[in-house]
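Here are some notes to read alongside the structure, written for someone meeting it for the first time. Please keep the sequence at hand while going through the points.

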Amino acid sequence: MRVNAYAAPAEGLPLVPTTVERRPVGPTDVLVAVEYSGICHSDLHTVRGEWGPRPYPLVPGHEIVGTVAEVGARVTAHRVGDRVGVGCLVNSCGQCAPCAGGDQQYCTAGPVFTYGSTDVDGSTTQGGYATHLVVDAGFVLSVPAGLDPAAAAPLLCAGITTYAPLRRWGAGPGRRVAVVGLGGLGHLAVKIAHALGAEVTALSRSPKKEEDARRLGADHFSATADPATFSTLAGRFDLLLNTVSADLDINAHLGLLTLDGVLANVGAAPGPLLVDGHRLGSGRRVLTGSMIGGVAETREMLEFCAAHGITADIELIPAASINTAYERVLAADVRHRFVIDAATFV
Ligand code: NAP
Ligand code: ZN
């Protein structure tokens, strides 16, 4: 079926309305009628060519909430009318050790990402800035009833990307956690770390987002543009989560960690992280990274967010405003996530 969508016609060009083909619903597929689609900074990195060449035209979007419009004959987990979500993954080999362990995002054969990937049938995946998509049922998540569907969409990427390392590295009572960058990922990281019981510090470039940060659940706030921040907070944090979309002075931030402290990097700036080994070794510090999360972990995250009343703070926009929204994301002028109303993909 051909469906309405918004696509970048080529690298670096504004998105335009178009149509894309969706495969027929196979026995294990679900046809999702998209209601809401979040704008992640990864969409911008991708279509601006910051992560290397991609196939075009390209429909971004991997924070998708909608309803089930049709299911294949062998699908039992989802029924027509159910509210569901789709994140960054739409398939994986299912055989390798990471897949067997529930880490489909680290599939050794290469996970199939929601857009710009080669799908199992050889076609190129096209994402959620569209009215419909067809996804293998194993990668379709139930969205708990208590969550507002528009504000839940960003949980499918920003939520799981921050939940996974916060859980893995023990954010919880008695632990001091710093979140760097208060964009889409960062604002959810503050909410989630707070709900996990950690003592949360928000680190943002300027003081402009302080009030926001405290409302989101931060116990403390510091502006990183102030060099005094790095001496005042030296050696303070057990865990620091970097969600910044641009190059970061990673060594200055490593200095904020306590002995054995962990810097978990999820920001995906195009350039390399230039790490001073001395800074790492002098506090036996750990530098690690994390990429989204597996299917079961995403399910767990959605249940956690429903139990704690966590959704994103969003600005709902029509599709015609996507390019303006991209400009505002680049200027970090969004509190804190743009979500597109899929009814406007016309
Ligand atoms: P976003 O909403 O644009 O937020 C990024 C934040 O980074 C901004 O709000 C800003 O925070 C800070 N920032 C922006 N430009 C900066 C600069 N030049 N110097 C210092 N700080 C700057 O982006 P997002 O959607 O949250 O995504 C954040 C990053 O995570 C992106 O690189 C994205 O690709 C990546 N990501 C990774 C994964 C993964 O699996 N690892 C998943 C999703 C996204 P302040 O204004 O508070 O300083
Ligand atoms: Zn994303």
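1. C40 sits in the loop between β3 (29-38) and α1 (41-47), and C157 in the loop between α3 (149-152) and α4, so the pair ties together parts that are 117 residues apart in sequence. Both C40 and C157 are buried, where buried means under 20% relative accessible area, exposed over 50%, and partly exposed in between (1.4 Å probe, protein chains only).

2. A word on the basis of these points: this is a predicted model, in which local features need pLDDT of at least 70 and side-chain atom pairs count only at pLDDT 80 or more, while totals for chains, interfaces and linings use all residues. Residues are numbered from 1 along each chain as its sequence is written, chains are lettered from A and ligands numbered from 1 in the order in which they are written, and side-chain values use heavy atoms, with hydrogens and water left out.

3. Helix α10 (residues 295-308) has 14 residues and reaches 20 Å from its first C-alpha to its last, close to the 20 Å expected at 1.5 Å a residue, the expected span being 1.5 Å times one less than the number of residues. Helices (H or I, at least four residues) and strands (E, at least two) are DSSP runs, numbered from the N terminus. The buried residues of α10 are V295, T298, M301, L302, F304 and C305, and they pack against β9 (141-142), α4 (158-168) and α5 (184-195). An α-helix has 3.6 residues a turn, so residues three or four places apart point the same way. After α10 comes G309, whose phi is positive, near 65 degrees.

4. Leaving aside residues up to four places away in sequence, H253 touches V180, T224, F230, L240, L248 and L263, where contact means heavy atoms within 4.5 Å.
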